[in-house]
Amino acid sequence: QVQLVESGGGLVQAGDSLRLSCAASGRTFSSYNMGWFRQAPRKEREFVATISWTGDSTNYADSVKGRFTISRDNAKNTVYLQMNSLKIEDSAVYYCAARRRGSQEYSHWGQGTQVTVSS
């Protein structure tokens with residue numbers, strides 16, 4: 001089992017940066033591919049970024065490509081999302097999620113952290 005706790009959200013201005021963290025409990029963190037998702041009010045949850053269990057493969061939504069960077073530290077059981085050049089439309093609740101190697105489904109989710117970008 002993996003439990004996920006996000007942190008690092010907040011209120012920032014457009015153009016600013018934030019780094020989100022997702023701390024995972026359990027000894028099997030390195031067995032999971034990790035992802036970040038977000039959900040804005042009245043919108044469906046959307047994919048943001050994913051990183052493989054080894055950390056050597058990443059993928060991003062087109063809307064954040066070139067601005068966001070996902071990374072992980074398996075020694076610290078933590079995955080990060082560095083967000084630069086934030087836009088108002090990046091405002092959302094951000095969730096991290098874990099997907100076991102070989103699975104297509106994200107089976108574990110955090111509670112989310114709010115990111116609000118103002119003009």
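**A first tour of the fold**

Modeller: Happy to! Among contacts between residues at least 6 apart in sequence, 55% join residues at least 24 apart. Keep in mind that this is a predicted model.

Colleague: Good to know. How many helices and strands does the protein chain have?

Modeller: The protein chain has zero helices and 11 strands. Read from the N terminus, the elements go β-β-β-β-β-β-β-β-β-β-β. The radius of gyration is 13 Å, close to the 14 Å that the globule rule gives for 119 residues, so the chain is as compact as a globular protein of that length.

Colleague: And what box do the C-alpha atoms fill?

Modeller: Roughly 40 × 25 × 25 Å, taken along the principal axes. Of the 119 residues, 45% count as buried.

Colleague: Let's go inside, then. Which residues touch the most other members of the largest nonpolar core?

Modeller: Those are Met34, Trp36, Leu81, Met83 and Tyr94, in a core of 30 residues. Several strands each supply at least two residues of this core, including E3 (18-24), E4 (32-39), E8 (78-83) and E9 (92-100).

Colleague: Pick one for me. What does Met83 touch, leaving out residues up to four places away in sequence?

Modeller: With those left out, Met83 touches Asp16, Ser17, Leu18, Leu20, Arg67, Phe68, Tyr94 and Val115.

Colleague: Switching topic: is Arg99 buried or exposed?

Modeller: Arg99 counts as buried because its relative accessible area is 18%, and buried means under 20%. Arg99 lies in strand E9. Not counting residues up to four places away in sequence, Arg99 touches Tyr32, Asn33, Thr50, Gln104, Glu105 and Tyr106.

Colleague: How far is Arg99 from Trp109?

Modeller: Their C-alpha atoms are separated by 9.4 Å, and the two residues are 10 apart along the chain.

Colleague: What about the loops? Which loop holds Asn77?

Modeller: Asn77 is found in the loop between E7 and E8. Its phi is near 55 degrees, a positive value in a residue other than glycine. Asn77 is buried, with a relative accessible area of 19%.

Colleague: And where is Ser85?

Modeller: Ser85 sits in the loop between E8 and E9. Its phi is also positive, near 50 degrees, but Ser85 is partly exposed, with a relative accessible area of 41%.

Colleague: Last one: how many positive and negative side chains are there?

Modeller: There are 14 positive and 10 negative side chains, and the centres of the two sets lie 5 Å apart. As for the surface, the chain exposes about 6400 Å², with carbon and sulfur atoms supplying 44% of it.

Note on methods. Residues are numbered from 1 along each chain as its sequence is written. This is a predicted model: local features need pLDDT of at least 70, side-chain atom pairs count only at pLDDT 80 or more; totals for chains, interfaces and linings use all residues. Side-chain values use heavy atoms; hydrogens and water are left out. A nonpolar core is a set of buried Ala, Val, Leu, Ile, Met, Phe, Trp, Tyr and Cys residues joined through side-chain atoms within 4.5 Å. Buried means under 20% relative accessible area, exposed over 50%, partly exposed in between (1.4 Å probe, protein chains only). Helices (H or I, at least four residues) and strands (E, at least two) are DSSP runs, numbered from the N terminus. Contact means heavy atoms within 4.5 Å. The radius of gyration is taken over C-alpha atoms; the globule rule is 2.2 Å times the number of residues to the power 0.38. Accessible areas come from the Shrake-Rupley method with a 1.4 Å probe; for residues, only the protein chains shown count as cover. Lys and Arg count as positive and Asp and Glu as negative; His and the chain ends are not counted. The place of a charge is taken as NZ of Lys, CZ of Arg, CG of Asp or CD of Glu.
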